[in-house]
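Biologist: I am new to this structure and would like to learn how its features are read. Could we go through them one by one?

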Amino acid sequence: MIVSTLSDTRPVVDGLARTPTRTKQPKSVWAVAFASVIAFMGIGLVDPILKPIGEQLHASPSQVTLLFTSYMLVTGIAMLITGVISSRFGAKKTLLAGLAVIVVFAALAGGSGTVSQIVGFRAGWGLGNALFIATALATIVGAASGGTARAIILYEAALGIGIATGPLVGGFLGHFSWRAPFFGVSVLMAIAMIALVVLLPEAPKPAKPTSITAPFKALTYPGLLLVSITALLYNYGFFTLLAYTPFPLNMGTYQIGFIFFGWGLLLAFSSVFLAPKLQRAFGTVHMMALSLALFAADLAIMAAYAHHQPVLVVGTIVSGLFLGINNTLITEAVMESAPVERATASAAYSFVRFAGGAAAPYLAGKLGEHHMALPFWVGAACTAAAVGVLLSGRKLLAHMDDHAPAAHTPAEAQAITFGED
């Protein structure tokens with residue numbers, strides 16, 4: 001845990017238990033946060049247009065859900081090299097490269113003529129996404145005033161807003177054409193690129209470049225491995241919900257967009273406002289386990305009533321509460337679970353959870369072609385298994401609840417962020 005004391009704020013605890021009362025952030029931080037919102041929009045943007053893509057391009061649900069699988073698989077694998085790239089070329093160049101890749105591949109996806117082409121271009125999109133999101137958090141931490149806790153909250157807020165608005169934008173633009181959301185993201189990312197070029201200063205490159213083997217070495221620490229496996233299992237449930245639910249809902253693009261907009265709003269609200277309060281009251285590990293257990297129960301209810309649209313709608317929206325709490329707490333757990341550089345820990349964790357979670361959309365589509373409820377049952381079982389894994393190794397994370405935070409200076413926090421020794 002990190003405590004940093006700044007002249008214009010009270011002490012900030014990197015347990016998210018306390019945050020600054022007032023903090024004025026540099027323009028560069030808001031520029032990265034805006035770009036992060038657009039990047040995370042890409043996750044849920046395709047939800048409302050999955051059925052139209054399948055119908056107009058004559059593809060099955062499992063073929064269409066490969067849009068998620070290729071995107072997440074490449075994102076996860078590319079996480080292993082983001083530290084190597086950013087430590088050699090600098091954070092700003094890496095961020096801009098990621099945005100440029102997304103601009104190109106989102107536009108190419110919009111111009112595709114087959115599902116296979118979209119799947120391939122979404123894979124390229126995933127590469128750009130990895131370059132950007134792996135560097136964005138470290139950049140915000142290094143540039144934000146108010147300490148690491150404040151930076152994490154800003155990042156989680158951007159994530160929540162992006163995930164919430166993605167389906168809404170996708171639903172609105174998708175009403176005109178399934179191609180429009182892809183072109184829309186390409187334009188928005190180009191705007192974000194211009195903002196970063198103008199507002200984000202060059203950060204100093206670390207004296208020692210990151211090794212490509214560093215993420216694998218980080219996973220040898222039991223605490224980080226525990227959190228990563230937990231995330232892999234719950235991400236199966238998460239991406240089952242995200243990629244498969246539009247098919248049994250069987251609604252129009254507007255309706256799907258608004259449903260997932262409500263889901264995203266609750267995710268953003270719980271990640272920014274509820275998670276810190278609940279963590280302070282009950283502890284990190286206990287709240288992670290409880291939020292995952294509630295999400296597993298929610299998926300089980302959706303499975304039991306898979307043919308009832310109102311249950312699926314309510315179940316989808318309510319799940320945002322549980323996922324938001326868990327997302328914020330597990331982000332902190334990653335940073336606290338191993339004595340390695342934060343960027344390295346994040347890369348290792350993201351590789352496991354994204355690469356593992358990539359299987360969920362395709363498998364959910366396949367299972368759903370045989371029985372509508374089966375994907376939700378499997379998602380619930382995997383999420384329940386995540387609770388079991390987390391609780392079985394809770395002693396590895398006991399220090400997050402039982403020990404007082406160690407003092408570190410803002411300069412040290414920035415050095416850790418950029419991989420300096």
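Biologist: Is Y221 buried, partly exposed or exposed?

Modeller: Buried means under 20% relative accessible area, exposed over 50%, and partly exposed in between, with a 1.4 Å probe and protein chains only. Y221 has 32% relative accessibility, so it counts as partly exposed. Y221 is found in the loop between α9 (214-218) and α10, where helices (H or I, at least four residues) and strands (E, at least two) are DSSP runs, numbered from the N terminus. Y221 and P339 are 118 residues apart in sequence, yet their C-alpha atoms are 8.4 Å apart in space.

Biologist: What should I know about the model itself before going on?

Modeller: This is a predicted model, in which local features need pLDDT of at least 70 and side-chain atom pairs count only at pLDDT 80 or more, while totals for chains, interfaces and linings use all residues. Residues are numbered from 1 along each chain as its sequence is written, and side-chain values use heavy atoms, with hydrogens and water left out.

Biologist: Is A109 buried or exposed?

Modeller: A109 counts as buried because its relative accessibility is 0%. A109 lies in helix α5 (residues 91-110), and its C-alpha atom is separated by 9.8 Å from that of P181, 72 residues apart along the chain.

Biologist: How many salt bridges are counted, and which residues form a salt bridge?

Modeller: A salt bridge is a side-chain nitrogen of Lys or Arg within 4 Å of a carboxyl oxygen of Asp or Glu. The count comes to 1 salt bridge, and E55 forms a salt bridge with K51, with the closest N and O atoms 4.0 Å apart. Both E55 and K51 lie in helix α2 (residues 50-56), 4 residues apart, which is about one turn of the helix. E55 counts as exposed because its relative accessibility is 53%.

Biologist: How many cavities does a search of the whole structure find?

Modeller: Rolling a probe the size of a water molecule over the atoms shows where empty space is left. On a 1 Å grid over the protein atoms alone, a cavity is a set of points where a 1.4 Å probe fits but cannot get out, and lining residues have an atom within 4 Å of a point. The search finds 3 cavities of 30 Å³ or more, and about 380 Å³ of space lies in the largest cavity, a volume being the space filled by probe spheres set on the points, which are joined across faces, edges and corners. Of the 25 residues that line the largest cavity, the closest to its centre are F40, Y155, L159, R353 and F354.

Notes
On a 1 Å grid over the protein atoms alone, a cavity is a set of points where a 1.4 Å probe fits but cannot get out, and a pocket is an open set with protein on both sides within 12 Å along at least five of seven lines; lining residues have an atom within 4 Å of a point.
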